[in-house]
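User: I would like to go through this model with you before setting up any calculations. Could you start with the overall picture and then take my questions as they come?

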Amino acid sequence: MSRLRNRDKRYKNPYGKAKFETPDDDNMEGVTVLAIFAFFISCFYSITHFMTVDMGILGLFKLFCFMVGASFLIPIKIYRKRLTMSIYEYIIFNIITIAPIFCSSFFVLNNVFASDTYVESYKVINIKVDHGNSFYILENEQYKEKEYLRTINNSDVSDVKGSDSLKIYFSDGLFGLREIRKKEVI
């Protein structure tokens, strides 16, 4: 008998009626598509421009981590003024879109506001050729840890005129990061 009484009683939500968002209320679809395009464009620019900057892979990783931290300085309530963004979307959006945009903006500003070009010249001690690249060993072991500065691709025939000295043309960027303008072997 008590089972019948419990079955007749219906559960009442103490908090009132629950509101469920319908898929029509979500306005993140267009933002997601733009975020994907921005991700690919900024990553493509950062990786191609990375080859012309005096920075190693670890330095690029540190820069990206710094930009991820900087992206979280933008409060979520700014996004929520116009978008229906959850906290998970906020985290993913900052890591995948805002941080790469900040990195590419960093490279653009560093390049645009660079100083005048200056030249560093080093005597070549030895040359190693491997898979279309020439690796130069410089006197006093200059740039021993920065192999990318001592490497010239063999398809750049105009830059190789001899084998006596390596000239690297630098300019200091806005943020102190050196831009590699040109390399010559004279």
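**Overview and details**

Analyst: Of the 186 residues in the protein chain, 31% are buried. Please keep in mind that this is a predicted model.

User: How many helices and strands does the protein chain have?

Analyst: The secondary structure consists of five helices and five strands. In sequence order the pattern is α-α-α-α-α-β-β-β-β-β.

User: And what share of the contacts comes from residues 24 or more positions apart?

Analyst: Among contacts with a separation of 6 or more, 58% are between residues 24 or more positions apart.

User: Let us turn to H5. What span does it reach against the expected one?

Analyst: Helix H5 covers residues 87-112, which is 26 residues. From its first C-alpha to its last it reaches 35 Å, close to the 38 Å expected at 1.5 Å a residue.

User: Where is the kink in H5 centred?

Analyst: The kink is centred on Asn-94 and amounts to about 40°. Asn-94 is also one of the buried residues of H5.

User: Which other residues of H5 are buried, and what do they pack against?

Analyst: The buried residues of H5 also include Tyr-90, Phe-93, Thr-97, Ile-98, Pro-100, Cys-103, Phe-106, Phe-107 and Asn-110. The buried residues of H5 pack against helix H2 (29-50), helix H3 (57-71), helix H4 (76-80) and strand E5 (178-185).

User: Which residues make the nonpolar surface patch?

Analyst: The patch is made by Phe-72, Ile-87, Tyr-88, Ile-91, Ile-92, Ile-95 and Ile-96, and its area is about 630 Å². Ile-96 lies in helix H5.

User: What is the N to O distance between Arg-178 and Glu-120?

Analyst: The side chains of Arg-178 and Glu-120 meet in a salt bridge at 3.1 Å, N to O. Arg-178 lies in strand E5 and Glu-120 in strand E1 (residues 118-130), so this pair ties together parts that are 58 residues apart in sequence. Glu-120 is buried, as is Arg-178.

User: Which residue forms a salt bridge with Lys-182?

Analyst: Lys-182 pairs with Glu-184, and the closest N and O atoms are 3.1 Å apart. Lys-182 counts as partly exposed because its relative accessibility is 36%, whereas Glu-184, at 7%, counts as buried.

User: Which residues do shared partners join into one network?

Analyst: Salt bridges that share partners join Asp-54, Glu-120, Lys-146 and Arg-178 into one network.

User: Now the loops. Where does Asp-116 lie, and what does it touch?

Analyst: Asp-116 lies in the loop between H5 and E1. Leaving aside residues up to four places away in sequence, Asp-116 touches Phe-170 and Ser-171. The C-alpha atoms of Asp-116 and Asp-172 are separated by 7.5 Å, although the two residues are 56 residues apart along the chain. Asp-116 counts as exposed, at 69% relative accessibility.

User: What should I know about phi at Asn-140 and Tyr-143?

Analyst: Most residues other than glycine have a negative phi. Asn-140, which is not a glycine, has a positive phi of about 55°, and the phi of Tyr-143 is near 50°, also a positive value.

User: Where is Asn-140, and where is Tyr-143?

Analyst: Asn-140 is in the loop between strand E2 (133-138) and strand E3 (151-153). Tyr-143 is likewise in the loop between E2 and E3. Asn-140 is exposed at 68% relative accessibility, whereas Tyr-143 is buried at 11%.

Notes: Residues are numbered from 1 along each chain as its sequence is written. This is a predicted model: local features need pLDDT of at least 70, side-chain atom pairs count only at pLDDT 80 or more; totals for chains, interfaces and linings use all residues. Side-chain values use heavy atoms; hydrogens and water are left out. Helices (H or I, at least four residues) and strands (E, at least two) are DSSP runs, numbered from the N terminus. The expected span of a helix is 1.5 Å times one less than its number of residues. The bend at a residue is the angle between axes fitted to the seven residues ending there and the seven starting there. Buried means under 20% relative accessible area, exposed over 50%, partly exposed in between (1.4 Å probe, protein chains only). Contact means heavy atoms within 4.5 Å. Patches are made of residues with over 30% relative accessible area and no salt bridge: like charges are joined within 9 Å, nonpolar side chains (Val, Leu, Ile, Met, Phe, Trp, Tyr) within 5 Å. Accessible areas come from the Shrake-Rupley method with a 1.4 Å probe; for residues, only the protein chains shown count as cover. A salt bridge is a side-chain nitrogen of Lys or Arg within 4 Å of a carboxyl oxygen of Asp or Glu.
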